Amino acid sequence: MKLSEFKPGYEGREVFWNTGWFYEPLLFAFTGVAMLIFAYGVYRRYQMWTAVGKPEIRWDNMGERIKLLLKDGLLQVKTFKDIYPGIMHGLIFFGFVVLIFGAAFDATEFHIAEPLGVPFLVGKFYLVFSFLMDLFGLAVLIGVFMAIDRRYLSRPDRLGYKGVPDNKPEDAIVLVLLAAIIVTGFIIEALRISVTWQQTPWEVWSFVGWSLATAFSGFQEESARSMHKWTWWSHTFLSLGFIAYIPYSRLMHIITTPANHFMQNLKPVGHVEPIRDFENAESFGVGTLDEFTWKQVFDADACTRCGRCQDGCPAYLTGKPLSPKKFVQDLKTYWLEKAPAAVQAKKASGEVYNIKALAPVDNAVKMIEDKFLGEKTGEAPERALVGEAVTLDELWACTNCMYCMENCSSSIEHVPKIIGMRQYKVLTEADFAPELQLAYRNMENNSNPWGVGAHLRADWAKELGVKTLAEDPNVEYVFYVGCAGSFDDRGKKVSVAFAKILQTAGVSFGILGTEESCCGDSAMRGGNEYLYQTMAQMNIDALNGYGVKKVIATCPHGYNALKKDYPNFGASFEVYHHTEIIADLIAKGKISFKKPVEGTFTYHDSCFLGRYNNIYDQPRKALKAVPGLKLVEMERKLEKSFCCGAGGARMWMEEHGEKINDARAKQAIDVKADTIAVGCPFCLTMMSDGIKTHSMEEKMTSLDIAEIVWKAMGLEEEHIPAPVCEAPAEVVNPEQS
């Protein structure tokens, strides 16, 4: 429709105002070129994604996956977990989504609705449309300036590594492109309004363009029209260049990140796929890219380098070389080195999708890359994945705390990759820390990492009247005590406290006693999958032998293994953590408190209880129910809690530099707590050690929630605190001597 056809009450605008008849066909031609460049880039990337890695199905359960795509891909729920960068990205993302829809409305109006005589971008709808286009265009611009400030001025540490920014040229190119597209769009609008404002007073609804139009009010109409044409083409080429640039830059995350949300693991949080065939495998774990699944490799291409994973990584924040962001980016770099050769090899064998008609284009692109990159593509430098691309110090620094995966806005799965590479070092190369070798040997000989005689496993319960299942299998619950609760002097006190709570509350329970084995969590997460599966199967056989249905564990590591990992081998138990049971008993009135427990307490969220199993409320409910107890929260809590440093088999390994548990204890000291409440024996050990490091033993202590509740119930006996087991000792099994 022409400008003259609009009037008050029938407002609108001429879509191709001030353009010649040839603008539209040229626009179509240039758009076609941009789309072809874009499609070719995606095609090449697809070849690289599928040329490396083992098969894996990530498109089952489509209904659930579509929900995840809508929630995290479209609504950006994960992105908004971090407020400032969430708003920044949201302004850019939602602004562009609306502007794209606006462009689609314009195209539909001009090419379909107007020729059919049913225009819809008129009247009040047009006024609202104009207002929204300017509003969301302004939103994009604000988001871009926030991003510029964040990346180049504020420069938080997470946008770098060890204080050095990790900015790349493409970061600046993308931000400049975004800003230029929006600014030129507003200038086009302003120039049009500066010429037509007397005929179109309703353009005041385009508030940004209307305001800018005053800057061009002194222009002659001919000059304004000429400038409009130049700016129109500049805006067009910038927009089309943006589209073409997507698959060749960090903008590729527009495709890969939503795809990663869609393909995220639907199995229980923290799931690690077990090794299924020990007898026939020639190698174990991940020693090369091809031993990852294709999805694990694809993960790296979805990373946006936002640094959220690094922001709370306990290893990184205490000076270790591991950064989850750097880890993923190093894998990506390694993949980009190896993928071209893999693509060529699989083209020859027909294992990768290949459009033969594009061979001349492929050859031309390769020649250009060889010339401008200064090296032959496909000739990657020879270096090992494990030990070089990812250093051993990085590999073994991980505590498996899951902070990275919980807070990643791209649904990247870091921990399973690390465990896979540890499996390679342990099972294939037998190359791992001596102290870990000792812990594994103790597990093999005595089914506990301390190496204490297995026949002593039930001694903690001798004076309590707690029966084993061999004595009485007719119980509702099995109390799976675990190694710390059975052998560690400090852990045994927790077992006693919890057993007495259950007895007082009238809960029917028993223990396996000497039939219980180590849960194997440390072995599995430390790369010794064979040892883990051996111990897991022993526990499963013992529990199934008595027809056990319900299990309680005081150790979140055992709890998580029994609940989530053992089902891989046929187990099917209802598994509860002792804090869940305690909170439930309190709620049902089966626990009565007889005396107050005075003091300021802070609760430390165990990673394997919180991030792995979403148990945050029950421990706090139990503590809040205790009379006299004042509960304060540390800054790092809930899903952003700070690890104690013992997970991922780190409990049994030496830690160099600042210790993670010392950093966590300091966070508790900062909130002036006199007691750190925990729900994990590893955390209990680590927090107790951290308190000692800060010389706060006389002012501060660490207690398990069971001990606190036990004390408030008036069941506590006077005793001298027992020492905490700090490291495994090589103890000879009396049965073997």
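Predicted model: local features only at pLDDT ≥ 70, side-chain atom pairs only at ≥ 80, totals over all residues.
**Stop one: two helices.** Start by selecting residues 489–504, which make up helix H19, and residues 705–712, which make up helix H27. Their axes come within 8 Å and cross at roughly 50°. As for handedness, the crossing of H19 and H27 is left-handed.

Now show side chains at the contact. On the H19 side, pick Arg 490, Lys 493, Val 494, Val 496, Ala 497, Phe 498, Lys 500 and Ile 501. Colour them by class and you get eight nonpolar residues, four charged ones and no polar ones.

**Stop two: an aromatic pair.** The model's aromatic pairs come to a count of 37. For one of them, select Phe 432 and Tyr 440: the ring centres sit 5.5 Å apart, with the planes at 45°. Stacked needs under 30 degrees and edge-to-face over 60, so this pair of Phe 432 and Tyr 440 is tilted.

Are these two buried or exposed? With buried meaning under 20% relative accessible area, Phe 432 is buried at 16%, and Tyr 440 is buried at 2%.

**Stop three: an aromatic cluster.** Finally, select Phe 16, Trp 21, Phe 22, Tyr 23, Phe 30, Phe 110, Trp 232, Trp 233 and Phe 237. Together these residues form one aromatic cluster.

Note on methods: Residues numbered from 1 in each chain as written. Heavy atoms only, no water. Axes fitted to C-alpha atoms, helices over the stretch in contact; angles between N-to-C directions. Helix = DSSP H or I, 4+ residues; strand = E, 2+ residues; numbered from the N terminus. Left-handed = near helix turned anticlockwise from the far one by under 90°. Contact = heavy atoms within 4.5 Å. Nonpolar A, V, L, I, M, F, W, Y, C, P; charged D, E, K, R; others polar. Phe/Tyr/Trp six-rings, centres within 6.5 Å; stacked < 30°, edge-to-face > 60°. Buried < 20%, exposed > 50% of the residue type's maximum accessible area, 1.4 Å probe, protein only.
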